[in-house]
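Let's take a walk through this fold, going from the overall picture down to single residues. Have the viewer open as you read.

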Amino acid sequence: MEYQSGTVSPTECISAGWNNIKDNYWIFFGITLVAMIILVVLSMIFGGINSLIVYGISLALGIAAQDAGQVGTVSTAIIPQLAGLFIGIFVNTIVITISGVLFCGIYKALSRQSSGEVADFGDLFSEFQKLKPCLIVAVFMSLFQFVLELTGFMVGMTIGLSALSTEILTSDGSLNPALFGGLFLVFIVFFFIYLIITLIFSVLTTFIYPLISERNLSGKEAILTSIKSGLANMGGLLGLLILLGLMAFGGVLLCFIGVFFVVPILVAAIFEAYQSVFGKIENFRQDTPPPPPNFDNQAAY
């Protein structure tokens, strides 16, 4: 699929996103609010189930390892956490799949609004036929998150074991500053590496759901196309996501309520970035194949 390189301007995307939804803002406010409520409730339900399973495993291992000594104690601490990570793959897959379907609905509403139609609340639930590609994307994202969390768990366990094998107290009975300074430095370095990897992953997957919703791509095609176009627009998308993150953080600071009013603009800005890269489809219809994109006579890559 053709796409543009270096066309994402963070401030222009935010401005264009607002201009796209401002005449129908409260519909998009309602759509994104309901989507967030659904996802929060689902996360709480499945997160609670995960926690109960982990607690049950911990309880069973604790009873079994009462006379097993130090090895049993360590196993009781580690095994439930590992089990929680593996269970999390399935939990995340379910939540991300539903999230993807809802986001496809939001992007359909944005596409209709952009092409001169009027979006309505029903658009949010209109893309459940895209469940299969969203499931493929969810598996991909869940596996990535699992690898990241497993790496963090292994790093944390290594740090913990290193601390146990080192003298925590100095000869005068005070805490060992070298030990805690070293552990804190390792934590800071790992945190920034985690943050950078997460941000880059977000850039590379930014266009997955608009591609599924508007271009009817399969899950695999959407992932690969989003990664390629994300690499071609890395700088602009990084700037855009950082700005959107700051806007969301500002909304959180306003008693958390402000974030609900900001989210429609955030999603609209991402859709504008998508259109600047892939072109705008005029007169979007779900039941007909999309026409060739319009790049305003710019060269495509």
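**A walk through the helices**

Ala35 is buried, with a relative accessible area of 5%; buried here means under 20%, exposed over 50% and partly exposed in between, using a 1.4 Å probe and protein chains only. Ala35 sits in helix H2 (residues 25-64). Leaving aside neighbours within four places in sequence, Ala35 is in contact with Leu102, Ile106 and Leu124, where contact means heavy atoms within 4.5 Å.

Some housekeeping before we go on. This is a predicted model, in which local features need pLDDT of at least 70, side-chain atom pairs count only at pLDDT 80 or more, and totals for chains, interfaces and linings use all residues. Residues are numbered from 1 along each chain as its sequence is written, and side-chain values use heavy atoms, with hydrogens and water left out.

Now zoom out. The protein chain has nine helices and zero strands; helices (H or I, at least four residues) and strands (E, at least two) are DSSP runs numbered from the N terminus. Of its 301 residues, 40% count as buried. Among contacts in the protein chain with a separation of 6 or more, 77% come from residues 24 or more positions apart.

What about the largest nonpolar core? That is a set of buried Ala, Val, Leu, Ile, Met, Phe, Trp, Tyr and Cys residues joined through side-chain atoms within 4.5 Å. It holds 54 residues, of which Leu110, Phe207, Ile208, Tyr209 and Leu240 touch the most other members. Helix H9 (residues 258-278) supplies the largest share of this core, 14 residues. As for Ile208, and again skipping neighbours within four places in sequence, its contacts are Val137, Met141, Ala222, Ile223 and Ser226.

Ala222, Ile223 and Ser226 are also among the buried residues of H7. In the loop between helix H6 (208-215) and H7 you'll find Asn216, which has a positive phi of about 55° although it is not a glycine. Asn216 is partly exposed, at a relative accessible area of 38%.

How does H8 pack against H9? Their angle is about 170°, with axes 8 Å apart. Axes are lines fitted to C-alpha atoms, for helices over the stretch in contact, and angles run from 0 to 180 degrees between N-to-C directions. That makes H8 roughly antiparallel to H9, since angles under 35 degrees count as roughly parallel, over 145 as roughly antiparallel, 65 to 115 as roughly perpendicular and the rest as oblique. Leu240 and Leu244 are among the H8 residues that meet H9, with Val262 and Ile265 among their H9 counterparts. In the loop between H8 and H9 lies Phe256, with a positive phi of about 70° despite not being a glycine.

Finally, helix H1 (residues 10-21) packs on helix H8 (residues 234-253) at about 55°, with axes 8 Å apart. H1 and H8 are therefore oblique to each other. Pro10, Thr11, Cys13 and Ile14 are the H1 residues in this contact, and Leu240 is one of those they meet in H8.
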